[in-house]
Amino acid sequence: MSHRYPEHRPPGQEPESSPSAGGYAGEDVPAHEFDPVHGHQDVYADAGVYEGGQHRGADHGYEPAPVVQTFFAEEPPSRRSRRPSRDKQRRRRRRTLVMVVVLAVFAGVVFGLTLFLRDLLGMNETKDYPGPGEGSVSFVVHPGEGPLLIGDNLVAQDIVATSKKFVEVFQQEAGGREIQPGTYEMRQQMSASGAVSALLGDGGSAVHYAAVARDLRQSETFDILVSSTGIPLAEFEALAAKPQDFGLPEKAVSLEGYLFPGEYRFPVDITATEIVTEMVDNAFAALEETGVSDPAAQYDVLTKASIIQAEAGEADYDKVAGAIENRLRADNTETNGLIQSDATVTYGLGRKSYNLTPEEKADTANRYNTYANRGLPVGPIGSPSVEAIDAAAHPADVPFFYWVTVNLDTGETKFSSTLAEHARYVGEYQEWCGTQEAGRCE
């Protein structure tokens, strides 16, 4: 290898020995041995060092040993070599994780101790709204529900702040009384005391809530009333057998059509007779609002309205009403007085369906069969809305005799004046049904 400090010898003179022959690299050299190259003893052996196979001393122009060692010392470690090893990094991360866990456990202990001291010192009082609350909300108490479950349900509707406080107040104020099943008109964010009073009947109204949708049949409406009030079905059915007791005309065969739809809140002590009276009175009021006051005319309008309700969407009520009037005219030669409503036939059959067999359409024994019997059926087939009643009382002047809903999802209905045109629209309906899941058009 080359040396940074060259030997002092005459130009062109080579040493007589090499590192391998002179033993510089592998064996000790006597300190006072005669140097054949320089012709004197190496008296500087003790003052110099052998470095890289060359003797270096003070009088030979070589730097002292410490300087040489410093020169050939290793370079300072680079930035990369100063980076922590992976093991050190792992140890450091483990120490950090342990510290985080310890701090988390410590924080949890402090939090738990704080809660314990708050309870011990009575600082953790149950929350309660100041009352009296705001707005209006219907709250239902179902049969068999106790104060704890009622309290949870009150909290869920934000009527009281906590179930615990409600139960505490109930136990203090109930005096042996129980909360009766029913629907109660209450406020949101009431005080626990106010809620208890309302449910016990001291500061609120306990009611039976019943939602009667439009187009429901009498039997369906009775099921809702029984579920809401707990009154036996037999009581309602007995009243339906005597419709004239509620002001219906002699030709009325039941209460069908007169159980007016809407949301009802009946007092908890109401009777079946009082319920039916209220609903029938609402139907009479709706008829009178449309300008129909004669009882016989009211019955016919209500019957037409129930068909309109079952056969059409609200946007088409008036046009369907006009088509029905055209079919009922004495000079009608297109259908010869037949309304031909599927909804009336299936009502008489006791089912709801879009499909009828030829035999069912030809059955004159079915008093609601408007394919086989001319004119209106013997009575309404459901509870019509006020909009349907108004359409029946004021039908649109249209040239149509036929209508068919070609898309049951959108309610799109197409009208026609001839059977041939109607048949094309029926084909559209059947084509749409062919793209639906099985049973959609049943």
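Helix α8 passes helix α9 in a right-handed crossing, where right-handed means the near helix is turned clockwise from the far one by less than a right angle, and left-handed means anticlockwise. This is a predicted model, so local features need pLDDT of at least 70, side-chain atom pairs count only at pLDDT 80 or more, and totals for chains, interfaces and linings use all residues. Residues are numbered from 1 along each chain as its sequence is written, and side-chain values use heavy atoms, with hydrogens and water left out.

**α8 with α9**
- α8 (residues 218-229) packs on α9 at about 140 degrees, axes 9 Å apart; axes are lines fitted to C-alpha atoms, for helices over the stretch in contact, and angles run from 0 to 180 degrees between N-to-C directions.
- That angle makes α8 oblique to α9 (under 35 degrees is roughly parallel, over 145 roughly antiparallel, 65 to 115 roughly perpendicular, and the rest oblique).
- On the α8 side, Q218, F222, L225, V226 and T229 meet L233, F236, E237 and A240 of α9, with contact meaning heavy atoms within 4.5 Å.
- Sorted by class, that contact holds 6 nonpolar, 2 polar and 1 charged residues (Ala, Val, Leu, Ile, Met, Phe, Trp, Tyr, Cys and Pro are nonpolar, Asp, Glu, Lys and Arg charged, and the others, Gly among them, polar).

**α9 with α10**
- The axes of α9 (residues 233-240) and α10 (residues 272-289) come within 9 Å and cross at roughly 50 degrees, which makes α9 oblique to α10.
- This crossing is right-handed, and its contact brings E235, F236 and L239 of α9 up against A272, T273, I275 and V276 of α10.
- The class tally for this one is 5 nonpolar, 1 polar and 1 charged.

**α11 with α15**
- α11 (residues 295-311) and α15 (residues 386-393) have axes 8 Å apart and an angle of about 120 degrees, again in a right-handed crossing.
- V301, L302, K304, A305, I308 and Q309 from α11 meet A388, I389, A392 and A393 from α15, giving 8 nonpolar, 1 polar and 1 charged residues.

**The whole chain**
- The protein chain has 16 helices and 10 strands, taken as DSSP runs numbered from the N terminus (helices: H or I, at least four residues; strands: E, at least two).
- Of its 442 residues, 35% count as buried, meaning under 20% relative accessible area with a 1.4 Å probe, protein chains only.
- Accessible surface comes to about 25,700 Å², 53% of it on carbon and sulfur atoms, by the Shrake-Rupley method with a 1.4 Å probe.
- Among contacts between residues at least 6 apart in sequence, 61% join residues at least 24 apart.

Key: Buried means under 20% relative accessible area, exposed over 50%, partly exposed in between (1.4 Å probe, protein chains only).
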